[in-house]
Amino acid sequence: MHNSWFRSVVALSIAVGLSCVAQAQTNRQGAAESSAKAQPFSPQDLSGVWILKTPYAGLSNHPPPLTAWGQAKFNANKPSFGPRAVPPAQGNDPIGNCDPTGFPRNMFSPSRPVQFIQLPNQLEQIFQYHSVRRSIWTDGRELPKSPDNLSYGWYGYSVGKWDGDTFIVNTVGLNERTWVDHFGYPHSADMRVEERYRRIDHDTLELVLTIDDQKTYTQPWVSEKKTFKLNPEQELYEEYCVPSEEGNYNDFMRNPAGGK
Amino acid sequence: MKLKLLALCALIIGMAIVSAPVFAHHGSRISYDLTKPMTMKGTVSSFGWQNPHVFLGFDVKDDSGNVTNWGAEMAENPHELAMKGWDKDTLKPGDQITVTVFPSKAGAPRGFLSKLVINDKVMYEANMRNVQ
């Protein structure tokens with residue numbers, strides 16, 4: 001009751017404030033946006049440092065029904081975010097011990113930058129957290145046909161191609177140790193992920209991501225549209241999760257704070 | 001007129017943002033009671049300048065002279081604190097501090113650092129917007 005009232009007040013305040021600003025700044029802001037949109041760009045050049053602006057830390061709020069196998073995995077995962085949140089000390093989020101975030105969960109970190117470096121035969125994505133580098137091969141190769149050729153890593157094996165101005169990436173070879181998002185949604189090693197990127201203006205990159213994992217979900221899970229903004233001023237910095245240091249933190253802070 | 005309107009807008013948005021629930025940093029929202037800040041005087045016992053979580057330990061003496069070792073974690077990692085002028089030696093064992101924390105819901109002497117004062121100088125105030 002209190003929460004809903006509180007949220008309403010906050011939402012109303014933000015709405016009033018934003019419309020207020022919009023009113024006052026219409027001309028100037030409009031001019032700035034027009035200027036950004038008017039800047040020349042190539043829709044087939046994704047190079048640059050991008051920052052996710054979509055706040056939701058998962059694919060979408062509407063996951064498809066889980067299979068029995070998926071449901072069991074989901075029940076076993078104890079996240080510290082969302083409606084099933086428990087204190088990290090009581091949970092089992094893999095990143096709590098500095099395990100790799102993994103793909104596609106690493107795509108859902110608002111405010112953490114990702115740099116795209118476009119080369120003739122590949123597109124490299126550099127993620128600030130853990131300084132992860134992900135290669136997307138654009139030299140025309142196919143995905144490995146046989147599971148025997150996959151190492152089942154944390155970020156998988158990815159190939160990309162252009163369909164008009166849409167950059168389509170397909171990824172396989174992802175191990176089951178990562179979660180799909182902060183909320184503990186699982187996946188199997190059978191998961192295939194498709195990303196569809198579109199640079200709609202100089203400063204804006206859109207992404208729709210689809211998970212196809214019949215072992216875990218009864219139908220494909222299509223994400224909401226994620227929006228990234230170009231930020232040329234942003235420099236990626238070193239941001240590791242250091243297992244030994246995280247261990248100290250867990251012992252001294254996280255576990256006592258969470259009643260463990 | 002336009003400036004006044006903008007100032008009013010900034011105030012309204014600022015109030016909303018300051019009051020808004022935070023997106024928990026590593027589950028901070030679920031571990032700590034963000035509605036019950038408590039302020040204490042203490043002596044720094046340790047400073048963990050570590051990735052990705054910075055934290056400090058400090059001893060608090062009660063009226064009977066009993067000492068409890070508290071811990072408080074910060075929202076920022078070392079790089080983000082360095083951008084604010086901090087380094088690994090900003091806090092040293094023995095420093096006298098006044099801290100405001102959001103305490104552990106489990107009742108342990110642990111908290112999420114909200115404010116840190118040394119010699120009447122505010123050294124740190126958490127920007128709850130950055131708490132993820």
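Buried here means under 20% relative accessible area, exposed means over 50%, and partly exposed is in between, with a 1.4 Å probe and protein chains only.

A word on the ground rules. This is a predicted model, where local features need pLDDT of at least 70, side-chain atom pairs count only at pLDDT 80 or more, and totals for chains, interfaces and linings use all residues. Residues are numbered from 1 along each chain as its sequence is written, chains are lettered from A and ligands numbered from 1 in the order in which they are written, and side-chain values use heavy atoms, without hydrogens and water.

**Rings**

Rings of Phe, Tyr and Trp (its six-membered ring) pair if their centres lie within 6.5 Å; planes under 30 degrees apart are stacked, over 60 edge-to-face, and the rest tilted. Over all chains there are 14 aromatic pairs. One of them is B:F47 with B:W86, a tilted pair with 6.0 Å centre to centre and 50° between the planes. This pair links distant parts of chain B: B:F47 is in strand β1 (residues 38-48), while B:W86 is in the loop between α3 (78-82) and β4 (96-103), 39 residues apart. Helices (H or I, at least four residues) and strands (E, at least two) are DSSP runs, numbered from the N terminus. Over in chain A, ring pairs tie A:F74, A:Y185, A:Y217 and A:W221 into a cluster.

Some rings have a charge over them, meaning NZ of Lys or CZ of Arg within 6 Å of the ring centre and within 35 degrees of the ring normal:

| Charged end | Ring | Distance to ring centre |
|---|---|---|
| A:R112 | A:Y129 | 4.2 Å |
| B:R110 | A:F252 | 4.3 Å |

**Strand β10 of chain A**

Strands pair if DSSP finds at least two bridges between them. β10(A) runs antiparallel to β1 (residues 48-52) of chain A, with 3 bridges, and A:L52 stands opposite A:F228. Strand β8 (residues 204-212) of chain A also pairs with β10(A) in the antiparallel sense, over 4 bridges; there A:L207 has A:K226 as its bridge partner.

A cis peptide bond joins A:F103 and A:P104, with omega about 10°. Another joins B:N51 and B:P52, with omega about 0°. A:H130 is not a glycine, yet has a positive phi of about 70°; A:H130 counts as buried because its relative accessible area is 15%.
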